[in-house]
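Biologist: Hey, can you walk me through this one? I'd like to look at it bit by bit.

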Amino acid sequence: MEAVPRMPMIWLDLKEAGDFHFQPAVKKFVLKNYGENPEAYNEELKKLELLRQNAVRVPRDFEGCSVLRKYLGQLHYLQSRVPMGAGQEAAVPVTWTEIFSGKSVAHEDMKYEQACILYNLGALHSMLGAMDKRVSEEGMKVSCTHFQCAAGAFAYLREHFPQAYSVDMSRQILTLNVNLMLGQAQECLLEKSMLDNRKSFLVARISAQVVDYYKEACRALENPDTASLLGRIQKDWKKLVQMKIYYFAAVAHLHMGKQAEEQQKFGEQVAYFQSALDKLNEAIKLAKGQPDTVQDALRFAMDVIGGKYNSAKKDNDFIYHEAVPALDTLQPVKGAPLVKPLPVNPTDPAVTGPDIFAKLVPMAAHEASSLYSEEKAKLLREMMAKIEDKNEVLDQFMDSMQLDPETVDNLDTYAHIPPQLMEKCAALSVRPDTVKNLVQSMQVLSGVFTDVEASLKDIRDLLEEDERQEQKLHEATGQAGASPAAAKAELAEVRREWAKYMEVHEKASFTNNELHRAMNLHVGNLRLLSGPLDQVRAALPTPALTPEDKAVLQNLKRILAKVQEMRDQRVSLEQQLRELIQKDDITASLVTTDHSEMKKLFEEQLKKYDQLKVYLEQNLAAQDNVLRALTEANVQYAAVRRLLGELDQKWNSTLQTLVASYEAYEDLMKKSQEGKDFYADLESKVAALLERAQATCRAREAARQQLLERELKKKPPPRPTAPKPLLPRREDGEPGEPGEPAEELRSLPPDMATGPRPPDPFLGAAPEAQELDARGRSIAIARCYSLKNRHQDVMPYDGNRVVLRSGKDDYINASCVQGLSPYCPPLVATQAPLPGTAADFWLMVHEQKVAVIVMLVSEAEMEKQKVARYFPTERGQPVVHGALRVALSSVRATETHVERVLSLQFRDQSLTRSLVHLHFPTWPELGLPDSPEHLLRFIQEVHAHCLHQRPLHTPVVVHCSSGVGRTGAFALLYAAVQEVEAGNGIPQLPQLVRRMRQQRKHMLQEKLHLRFCHEALVRHVEQLLQRPSSPPPLSSPLPELPQAEEQPPLPEAPSLGPPSSSLELLASLTPEAFSLDSSLRGKQRMSKQNFLQAHNGQGLKAARPGDDPLSLLDPLWTLNKT
């Protein structure tokens, strides 16, 4: 049926207009009631006149419909300002021709003009709907819309203009027109439904509704009153409408039969097809005299319905044999109204355009507009009060929470280097020698400082020596020196100059110390900033959050986003409300509204704010739920917040430190240059003063020698003395007294058992020689790595420090100690590894191919965590330090020590190397071992391991806590024992100590250690001599290492005479009298520990107040000032 030819449609003619002279009446009313010049509205009146002419001679197209609607709206605006209705002041005659009779009808009422325009609007829409052929889907939709608009125009005319101004606008005719237009609109919709192949039941209902509309129209046509009004066209319309009733009833039953076929109800199918065939036959009877399109449509329908009926009846008779029910027993088809009259709004600005008489506003409209503005303001105040209350609660709550959405989840910030720091790294990348230049500059400054310090010390020593010599001369001769007055004056001048330069130097030393401290503080950071960015990023703190913490953060961030979204939405809705209220002007509507309907108009106009009010109410109501969820999330966030707060503080502190180091670089360079310039000038002056002092002292010494020689010539020669008698020798085999020593020991002086003797006079010159020898040794490199030094006064000399070849930097606090004895291996004296230097320690062990490590740290120090356990303690649990992996292979505990065998593996290399770790745990930090025998046995064990290792020239690493005290005592006793074992006699301990101190500062730091070594060596000699009938075993010298730096020859200590034997020399050595600095004789030595606090019992005492405090601040400049 979708291809069935289209049925013709009914359309109406347009009414013809007569005269309507409204301009004089309007001008008169404006002048009288508005008090304005009517000529000022000539332009508006001309526009309205032109618009009427266009509406009267309207074109038969869609543009004509727009003209009619626009003219209708302008008439409505004019009527609201100038009353031109029946019996009103400005009423003028209006003439129009009646459609059916052709008579002219006139009324003094503008509403008659409006009614005729409305009628023509409906008639024009009906005409446009009927003109379309409806062969396409778009054509069907356009026709359907036109018919609905026509029905809307006629319905509006029927409802708003109850007075029948003419026959063609009577209520009966208008009702007939409405039903005809709705039926034809539904017919267009039916055609489109069949074209779209909609479901059969839906098509049947649409067709049934067409029948219902046409039945209503047919009843109006059969009304005698309507028939008399319509005249001759009544019969034609009635015949066409009746034919359509039967035709669309047949179409409805056809599709009901199709639905029965789909439901396999074959009896009902035959009944519906039979009924459709009967109704179609009736329609054919009524179609006589209709156009060919009607005949074609009926023949097409007959072919379809007849074919369907014959096929269904045949199938039911021969196949299904279902009973065919009577039609009245079947469910009637209920229509589905899918069309309606489209309403007409004569004041719609989109249709009517701008109000021509907008300037002409009545006072009543202004008053009504003010009342409406007050209603809007009242609405705004109510909503703003609610919004402000909620905003206040929200602000107070968020302030109490102290939650900033931007900082709650800013973890991405910690994943990148800040731009501020990136700029510093980029600036240093173009200056790769930044750290090198700074360190070199500070090394130069340290060298000049050391030279000045040494020169001032030489001048002081010269002055003190001159004073001592002068005192000796006075004691020997009883008179002062005979130096010339000029020499005395010169010496006094030198002393004043020295005091002045010394004062300047001491003041500058504080600045120099501060400069070095600042460099040590910043050089590591500068090296970091100039390195790879990955290292810079690794140096910055990073958040350590668990997945649960991250989930808490995400939840809090989501809720805070909801809070912000709620705020933004609230602000947006508030802004929309304000703008809408501000733009809301209904003055034009008030002009056209009756005063009695103002309140109703206000209510209708205020409804436009209902949607915004609903949205705002929902937003305000949601706040309580959001804040409740935020409270719960904040409780969970408390722990994470604390962690992030600490992280943020560390991040900012690290960032500020790195930036401060960058900014301090130029200042450090500038100040170091100023220091170099200052000391260069001071050095030249001090050097000149030293030459003056030397020349003056030589002149005074020559004068004293002349005077002394004259006095000696006057004295008689000394009397000779007899030698001491020898002790009687005991015969072989004769028993001695209980506890008497062996014969070999009887030659020792008798005071060896009770205490050491005073030293020989030659020892007095040793400290001064050592001090002078050490002045030229620099520790500038060690000062640049203060964080890698356990004590700031214990640092290796630059000349013999161990240099790391493959580390991040080449520094470690370790010194190569060689030349103590050819029978013991070279030693590496170092401090116990710090937590940050353990990797450097094992890298040194790997690079130096160390096979034996000697550890002189007590268990108490490790338990108190003064010294870290840098080695593995359990098998199967290796430790990793940098690129080295250290594993424990075996462990053995003896009476004296703990022996561990460790395996060392570099990075991922398959090759591993074994080494022995010997731990002597019974030597306390500020005390002595339990007994000398234990230490002697431990030394023998160390030497035995050294002899078993290959190659033999590899060094032995020895360390205590600081690497100078116990380490120095061990090295001294180890070398001395090997010399004795080799049969070379007892070595000169001062020479050994001097060699050690030339290679590491402050070696053998405590007097009690020297006393202990002295006693232990004597004990070892006793044990060696008491071995039965066996000469002392000779040790073979170990192969020497190639010297990294040629050591200067050691000056021999002056002696008044050779000792009779090594034992006598050993017996003459007393620790109380031994010191490397003659200025400290009789004083307790100062260490870092007793500088900070005094110790009771065995140990050292605090320095006396008279000691030089500057010597405790900077150990760089002197060899032995602590």
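Biologist: Which residues form a nonpolar patch on the surface?
Modeller: Phe318, Ile319 and Tyr320 do, and together they have about 350 Å² of accessible area. Keep in mind that this is a predicted model.

Biologist: Where does phenylalanine 318 lie? And is it buried or exposed?
Modeller: Phenylalanine 318 lies in helix 11, which covers residues 292–320. Its relative accessible area is 64%, so phenylalanine 318 is exposed, since the cut-off for that is over 50%.

Biologist: OK, zooming out. How many helices and strands are in the protein chain?
Modeller: There are 33 helices and ten strands. The chain has 1122 residues, and 48% of them count as buried.

Biologist: Let's go inside. In the largest nonpolar core, which residues touch the most other members?
Modeller: Those are Phe20, Met84, Met243, Tyr247 and Leu298, out of 109 residues in that core. Helix 4 (residues 110–131) gives the most to this core, with 13 residues. The core also draws at least three residues from each of domain 1 (1–197) and domain 2 (198–339).

Biologist: What does leucine 298 touch?
Modeller: Leaving out residues up to four places away in sequence, leucine 298 touches Met7, Met243, Tyr247, Leu280, Ala283, Ile284 and Ala287. Apart from this core lies another one of 74 residues, including Met442, Ala508, Leu545 and Tyr811.

Biologist: New topic: glutamate 187. Buried or exposed?
Modeller: Glutamate 187 has a relative accessible area of 0%, so it counts as buried, the cut-off being under 20%. You'll find glutamate 187 in helix 6 (residues 171–195).

Biologist: Which residues does glutamate 187 touch?
Modeller: Not counting residues up to four places away in sequence, glutamate 187 touches Met7, Met9, Arg134, Val210, Tyr214, Lys244 and Phe248. Met7 also turned up in the list for leucine 298.

Biologist: Last one, leucine 72. Where does it lie?
Modeller: Leucine 72 lies in helix 3 (residues 62–81). Leucine 72 counts as buried because its relative accessibility is 5%.

Biologist: And what does leucine 72 touch?
Modeller: Past the residues up to four places away in sequence, leucine 72 touches Gln114, Ile117, Leu118, Val344 and Pro346. As for alanine 55, 17 residues apart from leucine 72 along the chain, the two C-alpha atoms are separated by 9.1 Å.

Definitions and conventions:
Residues are numbered from 1 along each chain as its sequence is written. This is a predicted model: local features need pLDDT of at least 70, side-chain atom pairs count only at pLDDT 80 or more; totals for chains, interfaces and linings use all residues. Side-chain values use heavy atoms; hydrogens and water are left out. Patches are made of residues with over 30% relative accessible area and no salt bridge: like charges are joined within 9 Å, nonpolar side chains (Val, Leu, Ile, Met, Phe, Trp, Tyr) within 5 Å. Accessible areas come from the Shrake-Rupley method with a 1.4 Å probe; for residues, only the protein chains shown count as cover. A salt bridge is a side-chain nitrogen of Lys or Arg within 4 Å of a carboxyl oxygen of Asp or Glu. Helices (H or I, at least four residues) and strands (E, at least two) are DSSP runs, numbered from the N terminus. Buried means under 20% relative accessible area, exposed over 50%, partly exposed in between (1.4 Å probe, protein chains only). A nonpolar core is a set of buried Ala, Val, Leu, Ile, Met, Phe, Trp, Tyr and Cys residues joined through side-chain atoms within 4.5 Å. Domain bounds come from an automatic or database domain assignment. Contact means heavy atoms within 4.5 Å.
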